[in-house]
Amino acid sequence: MNRISPLAALISVLLPTSVLAQTIEGTVVNNNGLAVAGAKVEVEGVGVETTTDKAGRFTFTDLVEGKSELHISSKGFAHLHQDISVPAQGTKQVEFILQRSPIEVIDVYATPIHMSVMESASPVSVLTGETLRRQQASTLGDSLEKLPGVQSNFHGGVASTPIIRGLSGPRVLISQNGLDVSDVSRVGPDHSVASEASTAQQIEVLRGPATLFYGSGAVGGVVNVVDGRVPTDNTTRGEWLLETSSVDDKKLGSFNLTTGYESFAFYADGYWRESNDYEVPVAPDIDSDEPQDHIVKNSAEKSDGITLGTSYLFDQGYVGVAVEQFNREYGIPGHSHGDSEDENVYADLEQTRVQLLGELNVDSKWISKINLRGGFTDYEHAEIEEGAVGTLFENETHEIKLDFIHNPIADWNGGISFHYKNSDVAAQGEEAFTPPSEAQTIALAIMEEKHFGDVLLQFGGRIERVTIDASNVLLPTLDAHGHDEEEGEGEDEHDHDHDHEEETELTRVFALDHEFTPVSLSAGLVWDFTPGYNLGLSISRSERAPSAAELLSFGAHIGTGTYEVGALFALDDDGSSIGLTEENIDLETANNIDLTLRKTQGDIGFVFNAFYNQVDNYYYQTATGLFAESGHDHEHEHEESGVEEDEHSDELPVYLFQTDDVILHGFEAQIAWQATDTFKATLFSDYVRARLKDGGDLPRTPPLRFGTQFSYETAHLSAHLDITRYQEQDRVSSDETATDGYTLVDASVSYDLPVSNQDIAVFLKGNNLTDTEARVHTSFLKDIAPRPGRNISIGVRGNF
């Protein structure tokens, strides 16, 4: 039965329909002439697709007369693009031959126009299927860190976020189904990402600027978590997982289910995870004379979540909604109050997220498809101190995206995207170092691509209007001093505290309203210069508006062990007090070039990326040499020495946001050899050099890394051995220390047990099998929270 939505009917009336043709019949085979079943065949730019049957056959009817481009893809094969001429009448027979690829070629959902990891001008990585399940961890950053060009800031295993090519925080956008995850993880490393890997279908990483698709907050890259919470079909299928780990006594259970009836589809997922403080090879407090437990204290976590979604399906597409409740309670290592070591600070995170997704295929002269993405997020994150809420972070976000994909115009495929986002962020309490603010983005973007023979040309542009409003910006009178300064004679501790209270009362309060207009442009090409090889080139100029935290911060940030002061402020001439800056607040501008060489077919495949990124007016924190009181009695373990500071236990170093020109350059390399049908070896390496243009190194830059994976896979058995080497990092800023290199050895094995209509796999995983002491250079807690020691996980998962 045909079902036509009112919106489709309206558009079909307003826009004239196209002249329709007859039939295209085709066959997809491999290079041995054998049929490829289940291959996806898609007509580019019009949203029409089908899959091949057991004999490799497919059929399209009612295509538009003239030239069309087909995209054919199947697991284990390189993707194929082929132009065909659709006749005005009759049936046309075609055959396509797919070539084997040792590097898995996966479609990317993060972009409105078609893209895969081996066909994009910009470098892309995707985790999906068994690889995602094998590498998933409790945090997003730790789940992705084996991808080339991606590392983790590893905040005690409880709040780790991804670092892409040395960039993180406000420069790397974390999204879910293309919409901002809308937490506060970009504000501080101790803030967890409100997204879960165990219920995801795939996780995509766009390395380098992705501002055309997501805005100026993605100047360093994008991590997009893709799930099926808004179902696009009513096929009954599902997945479940049970797992336990030894190093932290972790217990995990998760599931997702999709089903439906006629025009309605339904989805549900849920997960539950609980873990204790994790064990390490060496006690963190190595300088203490007292015996220490080999655990990282206050690194336990407990989280759960549930999602319900439904969609209405019709011949031209779908529209659906999903509601998620996400809860997470986790410790913050190295953060305690008072005299009792048992009084640890922990975070209690709650988020309610509503997503509206839709897709409408339009049979009209100009428009072929309309994509709709909308979201509402209500986020709350309380830091609990001595049983009471010490600081409360809140974020309420509304977001909507509309993509209008046009019919091919002179063989150009692409469309126009409209984007609106409003985020209302507030923090209250003793450690609310940023005042409440509202950020609004309104944007228009265009993306186009065209094949010129063996060359695919891609280009795009985006213009935004970004406003930041804050009605209660604080400028306290800061009692800051150097540690080599002597306190005045006769000033005892009581007098010092009294003076501090009086000075704090002199806080200035004023309103701020900043408006920015970031403009981003990019151009790229992919040249298939010989069969099985392509060369990609991407050039972009991306502008970013500074975040509210970078501008307005003024207070103690215990998660980083610093007293943060935003770029709106500056040191006075004498260098001992802080006032409003006289400098202009400018956009950050990144000029990036990426060069990619790929071998896409045969028993050996490779991807080599080289990049150069010059960022002008780069916002970053620098040490002022001053120290200020944190506001109340903290026992915060010193970042560099790993021991408690007694003399200045209630003081934090003052860091000031400033701007400078920086250069980041480096490479990612991956080589895969499919030696036999069952055995594959993969080598990878990545490196980034991050420095100030006029000399000096940026802090917490990931070190050179290289590694290998050996895989053995049969119909029922899968085994993997990973060896990764992290080199020493001695290119450091003036206020950090070098970090020794280390080697991690991981292994996993799983066995499939077909039971009834389910595929059940029993698996065993081992991480850090050599029990190596590993301190992550990019972590703020590297001296008190090294990586976990030897860990053995066992579990069972099923698919149906």
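Modeller: Let's start with tyrosine 563, which is in contact with Leu478, Phe554, Gly555, Ala556, Ala628, Glu629, Leu652, Pro653, Val654 and Tyr655, leaving aside its neighbours within four places in sequence. Please keep in mind that this is a predicted model.

Biologist: Which residues have the most contacts inside the largest nonpolar core?

Modeller: They are Tyr563 and Phe569, in a core of 31 residues. Strand E25 (455-475), strand E26 (508-516) and helix H6 (548-552) are among the elements that each supply at least two residues of this core. E25 gives the most, with five residues. Another core, of 22 residues, lies apart from it, and Val105, Met118, Met447 and Val607 are among its members.

Biologist: Let's turn to charges. What makes aspartate 107 and lysine 40 a salt bridge?

Modeller: Side chains of opposite charge can pair when their charged atoms come close. The cut-off is 4 Å between a side-chain nitrogen of Lys or Arg and a carboxyl oxygen of Asp or Glu. The closest N and O atoms of aspartate 107 and lysine 40 are 3.2 Å apart, so the pair qualifies. The two residues are 67 residues apart, with aspartate 107 in the loop between strand E7 (91-98) and strand E8 (124-128) and lysine 40 in strand E2 (residues 40-43).

Biologist: Why is aspartate 107 called buried?

Modeller: Buried means under 20% relative accessible area. Aspartate 107 has 15%, so it is buried. Lysine 40 has 22%, which falls between the limits of 20% and 50%, so it counts as partly exposed.

Biologist: How do you know that arginine 100 and aspartate 603 form a salt bridge?

Modeller: Their closest N and O atoms are 3.6 Å apart, which is within 4 Å, so this pair passes as well. The partners are 503 residues apart: arginine 100 is in the loop between E7 and E8, and aspartate 603 is in the loop between strand E33 (588-599) and E34. With 30% for arginine 100 and 41% for aspartate 603, both are partly exposed.

Biologist: What is the distance between aspartate 697 and arginine 689 in their salt bridge?

Modeller: From N to O it is 2.4 Å. Arginine 689 has 15% relative accessibility, under the 20% limit, so it counts as buried. The structure holds 28 salt bridges.

Biologist: Now to the surface. Which residues form the nonpolar patch?

Modeller: Ile416, Phe418, Leu444, Ile446, Ile463, Val519 and Leu521 do, with about 560 Å² of accessible area together. Strand E23 (412-429), strand E24 (437-452) and strand E27 (519-530) each give two or more residues to the patch.

Conventions:
Residues are numbered from 1 along each chain as its sequence is written. This is a predicted model: local features need pLDDT of at least 70, side-chain atom pairs count only at pLDDT 80 or more; totals for chains, interfaces and linings use all residues. Side-chain values use heavy atoms; hydrogens and water are left out. Patches are made of residues with over 30% relative accessible area and no salt bridge: like charges are joined within 9 Å, nonpolar side chains (Val, Leu, Ile, Met, Phe, Trp, Tyr) within 5 Å. Accessible areas come from the Shrake-Rupley method with a 1.4 Å probe; for residues, only the protein chains shown count as cover. Helices (H or I, at least four residues) and strands (E, at least two) are DSSP runs, numbered from the N terminus. A nonpolar core is a set of buried Ala, Val, Leu, Ile, Met, Phe, Trp, Tyr and Cys residues joined through side-chain atoms within 4.5 Å. Buried means under 20% relative accessible area, exposed over 50%, partly exposed in between (1.4 Å probe, protein chains only). Contact means heavy atoms within 4.5 Å.
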